[in-house]
Amino acid sequence: MSSMRALNGSSAVALAVKQAVPDVVAVHPILPTTLIAKDIAALIADAELDTEFLNMESEHSAMSSCIGASASGGRVFTTAAAQGLAAMHDLLYIASSYRLPIVTAIANSALSAPLAIGPDHSDMMGQSNCGWIQLMSENSQEAYDNIIQAYKIAEENGVRTPVMVGMDSLCTSHTIENVIVENEEAVTDFLGKYDAQNSLLDSDNPKTIGSYCGNDYYFQHKLEQSKGIESSRKAIKEVGKEFGDRFGRYYGYFESYKLDDALTAVVVMGSAAGTVKEWIDKLRSKGEKTGVLKLRILRPFPHQELGETLTQFDRVLVLDRSLVPGTDGGPLFNELKAALYEFENHPQVLSYIYGLGGRDLGLKHLEELEALLGETEDIETAGLKHRQVGYINPGI
Amino acid sequence: MKDRHEIIPGVVSNEPGSSLKNSTSNYRRGQKPEFNGSTCINCFFCWVFCPENAIIVEHEKVAGINYDYCKGCGICVNECPVKREPLPLIMVDERVEI
């Protein structure tokens with residue numbers, strides 16, 4: 001029986017981890033992931049969760065411990081954000097090439113410098129190249145649902161790829177919302193037991209993992225590794241459907257909101273999607289034909305599906321909550337535009353960067369961009385050039 | 001490497017001791033140690049310090065160099081305490097096979 005609880009994203013994640021029954025939780029929590037670690041520690045102290053809790057000296061060590069434990073056949077969990085995720089950087093490549101189904105919760109935060117703890121996608125964007133599956137959550141409900149699905153996707157035979165589940169720091173991690181939580185037995189049953197392949201502790205089949213390899217075989221290993229994350233494209237959809245059949249909430253690569261007869265669309269990830277949906281509702285009531293595409297899966301990038309969906313619009317506004325200095329437009333914008341290149345119809349794609357360092361994205365800020373979502377002639381009258389990168393409320 | 005390298009997902013090497021199949025002799029570039037037993041005092045300094053365990057020992061005496069694994073680092077020559085000619089270990093030039 002599911003029940004409704006008032007939980008912030010951190011507690012929702014901790015509860016999902018509890019229900020996944022990990023063997024090892026190795027953490028060195030940085031704000032805003034401290035509440036996740038605190039909740040898990042409290043569950044262990046109250047004898048509600050029996051797991052090996054490792055208090056590591058750094059995030060690098062936390063990921064290192066996860067790699068060792070996962071390679072030895074354990075289901076593991078860790079959490080990181082901002083500089084903490086960056087500290088794990090070299091190990092993330094190792095975790096994915098070892099094909100370990102590690103699940104990590106990320107409370108997406110801005111990277112120093114200057115120091116800022118508010119929501120910002122820079123930390124996760126910076127780790128898009130390390131071979132991990134990346135999921136983004138809009139709210140506490142999605143954070144809970146995504147952690148559960150993450151274990152199932154990661155541990156699927158043929159996938160065996162680590163997953164990072166993002167949720168916006170503070171807006172989601174520290175904000176209490178209604179969350180439907182599922183019955184523990186139902187979740188444990190949905191996930192099953194982790195069947196490790198090539199466990200280091202299998203003494204009948206001794207092995208070494210991750211040894212030196214010359215340039216005569218490295219390429220082949222990378223291609224073999226890619227098969228895993230490519231297999232996850234199917235697994236993500238299947239698990240999203242299975243989760244829906246089981247618990248009533250269906251998931252896929254993205255959520256389409258009022259896109260059916262739209263002429264323009266806004267692409268967004270994370271908690272700002274809520275505000276954007278409200279903005280779209282207002283525009284719809286004024287007769288504008290527009291909608292939102294809320295992207296859930298960042299890696300593997302669903303270029304085919306995004307292309308098929310977005311090429312039907314005249315104009316697409318891509319909102320990025322990170323800025324990559326030295327590139328033309330935000331990272332999501334650039335990746336999306338490249339995906340659209342393969343298709344025959346090219347909508348006008350605009351990049352807007354918002355909310356860096358946790359700056360709030362309010363309805364009033366979005367309302368200034370109304371002309372962009374109207375009839376396509378309006379962009380000329382609004383005086384905006386085609387290739388201009390926009391900044392929402394930059395403060396300058 | 002002569003053996004076909006099997007690509008097991010997760011970079012798994014599941015054959016214990018398989019590193020023996022990899023002859024590290026190709027690390028040598030132009031020089032190799034040569035052993036002359038006539039003046040060897042069997043102190044085993046060369047054997048202790050060789051990073052590749054490439055000093056061959058037979059019947060509790062140093063017998064020679066295993067050139068399949070000798071990388072030509074010259075540590076054995078450096079550590080040998082014998083000063084009497086002919087030296088037990090000297091570095092000689094070696095033609096490199098490409």
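**Reading the sheet, the core and the contacts**

Modeller: The model is predicted. One may begin with the open sheet of chain A, in which 7 strands follow the order E3-E2-E4-E5-E7-E6-E13 with mixed pairing. Its edge strands are E3 (52-55) and E13 (297-299) of chain A, each of which pairs on one side only. From one strand to the next, the twist averages 20 degrees.

Biologist: In which sense do strand E4 and strand E5 of chain A pair, parallel or antiparallel?

Modeller: In general, strands of a sheet pair through backbone hydrogen bonds, in either a parallel or an antiparallel sense. In this case, E4 (residues 76-80) and E5 (residues 103-108) of chain A pair in the parallel sense over 4 bridges. Within this pair, Ala80(A) stands opposite Ile106(A) of E5(A).

Biologist: Which strands does helix H2 of chain A lie across?

Modeller: Helix H2 (residues 34-45) of chain A lies across E2 (24-27), E3, E4 and E5 of chain A, and runs at about 135 degrees to E3(A).

Biologist: Which residues of helix H12 of chain A are buried?

Modeller: An α-helix has 3.6 residues a turn, so residues three or four places apart point the same way. In H12 (residues 331-341) of chain A, the buried residues are Pro331(A), Leu332(A), Phe333(A) and Leu336(A). Their cover includes helices H6 (122-125) and H11 (303-310), together with strands E11 (264-268), E14 (315-320) and E15 (348-353), of chain A.

Biologist: Let us turn to the nonpolar cores. Which members of the largest nonpolar core touch the most other members?

Modeller: That core has 115 residues, among which Ile147(A), Val267(A) and Val318(A) touch the most other members. Helix H7 (residues 140-155) of chain A supplies the largest share, 8 residues.

Biologist: Why does this core lie between domain 1 and domain 2 of chain A?

Modeller: Both domain 1 (3-247) and domain 2 (254-391) of chain A give residues to this core, so the core lies between them. As for Ile147(A), leaving aside residues up to four places away in sequence, this residue touches Val13(A), Ala16(A), Val17(A), Val103(A), Ala105(A) and Val165(A). There is also a second, separate core of 10 residues, including Val62(B), Ile65(B), Cys80(B) and Leu89(B).

Biologist: How many residues of domain 1 of chain A are in contact with domain 2 of chain A?

Modeller: The centres of the two domains of chain A, taken over C-alpha atoms, are separated by 28 Å. The contact joins 27 residues of domain 1 to 19 residues of domain 2 of chain A. On the side of domain 1 that touches domain 2, the elements giving two or more residues are H6, E6 (133-137) and H9 of chain A. H9(A) gives the most to that side, with 5 residues. By class, that side of domain 1 has 13 nonpolar, 9 polar and 5 charged residues.

Biologist: Which strand of chain B pairs with E9(A)?

Modeller: Strand E1 (residues 12-13) of chain B pairs with E9(A) in the antiparallel sense, over 2 bridges. There, Val12(B) of E1(B) is the bridge partner of Ile209(A).

Key
Residues are numbered from 1 along each chain as its sequence is written. Chains are lettered from A and ligands numbered from 1 in the order in which they are written. This is a predicted model: local features need pLDDT of at least 70, side-chain atom pairs count only at pLDDT 80 or more; totals for chains, interfaces and linings use all residues. Two strands pair if DSSP finds at least two bridges between them. A residue is buried if 20 or more other C-beta atoms lie within 10 Å of its own, exposed if 12 or fewer, and partly exposed in between; C-beta atoms are placed from the backbone. Two residues are in contact if their C-beta atoms, placed from the backbone, lie within 7 Å. Axes are lines fitted to C-alpha atoms, for helices over the stretch in contact, and angles run from 0 to 180 degrees between N-to-C directions. A nonpolar core is a set of buried Ala, Val, Leu, Ile, Met, Phe, Trp, Tyr and Cys residues joined through C-beta atoms within 7 Å. Domain bounds come from an automatic or database domain assignment. Ala, Val, Leu, Ile, Met, Phe, Trp, Tyr, Cys and Pro count as nonpolar, Asp, Glu, Lys and Arg as charged, and the others, Gly among them, as polar.
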